[in-house]
Amino acid sequence: QLQLVESGGGLVQPGGSLRLSCAASGFSLDYYAIGWFRQAPGKEREGVSCISSSGVNTHAAVSAKGQFSISRDNAENTAYLQMNSLSPEDTAVYFCAASHRNHPNWCDFVTDDYDYWGQGTQVTVSS
């Protein structure tokens, strides 16, 4: 069974940090770009950060630049999203997704470009 499983979400105070993990099973992430997306109640799903399959290129949404950092460990078949300086506006369900494209240095925030999605992990920022 091919699946992605996110973990690491939870309740954190404003200014705090969390590290989300995205573990793949049933397939290798080696040739997949990884995207992290989030969806707050009543809002559309938005891209936060992505990393190419080669790991050479990363992109961050304007709202996440300098705050979120994406990485991948192909040996562990896992991708990560380090989130710092969290604010209540960051409260959302966070999803990881994997996309298989021919170019090893590609990634983007177009949800239709992603082949596999995790079930999401809740991140709540509140005092």
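In what order do the elements of the protein run from the N terminus on?

1. **Fold.** This is a predicted model. From the N terminus, the order of elements is β-β-β-β-β-β-β-β-β-β-β. That makes eleven strands and zero helices.

2. **Dimensions.** The C-alpha trace spans about 45 × 30 × 30 Å along its principal axes. The radius of gyration is 14 Å, which agrees with the value near 14 Å for a compact globule of 127 residues.

3. **Packing and surface.** Buried residues make up 44% of the 127. Take the contacts between residues at least 6 apart in sequence: 62% of them join residues at least 24 apart. The accessible surface comes to about 6400 Å², and carbon and sulfur atoms account for 46% of it.

4. **Charge.** There are 7 positive and 12 negative side chains. The centres of the two sets lie 4 Å apart.

5. **First disulfide pair.** The structure holds two disulfides. One joins Cys22 and Cys96, with sulfur atoms 2.1 Å apart. The link is right-handed, with 70° about the S-S bond. Cys22 lies in strand 3 (residues 18-25) and Cys96 in strand 9 (residues 92-99), so the pair ties together parts 74 residues apart in sequence. Cys22 is buried at 0% relative accessible area. Cys96 is also buried, at 0%.

6. Cys50 and Cys107 form a disulfide, their sulfur atoms 2.1 Å apart. This link is right-handed, with 60° about the S-S bond. Cys50 sits in strand 5 (residues 46-51), while Cys107 sits in the loop between strand 9 and strand 10 (116-117), 57 residues apart. Cys50 counts as buried at 0% relative accessibility, and Cys107 counts as buried at 7%.

7. With bonded cysteines counted along the chain, the disulfide pattern is 1-3, 2-4.

How values were computed. Residues numbered from 1 in each chain as written. Predicted model: local features only at pLDDT ≥ 70, side-chain atom pairs only at ≥ 80, totals over all residues. Heavy atoms only, no water. Helix = DSSP H or I, 4+ residues; strand = E, 2+ residues; numbered from the N terminus. Rg over C-alpha atoms; globule rule 2.2 N^0.38 Å. Buried < 20%, exposed > 50% of the residue type's maximum accessible area, 1.4 Å probe, protein only. Contact = heavy atoms within 4.5 Å. Areas by Shrake-Rupley, 256 points an atom, 1.4 Å probe, with all protein chains shown as cover. Lys, Arg positive; Asp, Glu negative; His and termini not counted. Charge placed at Lys NZ, Arg CZ, Asp CG, Glu CD. Disulfide = S-S within 2.5 Å.
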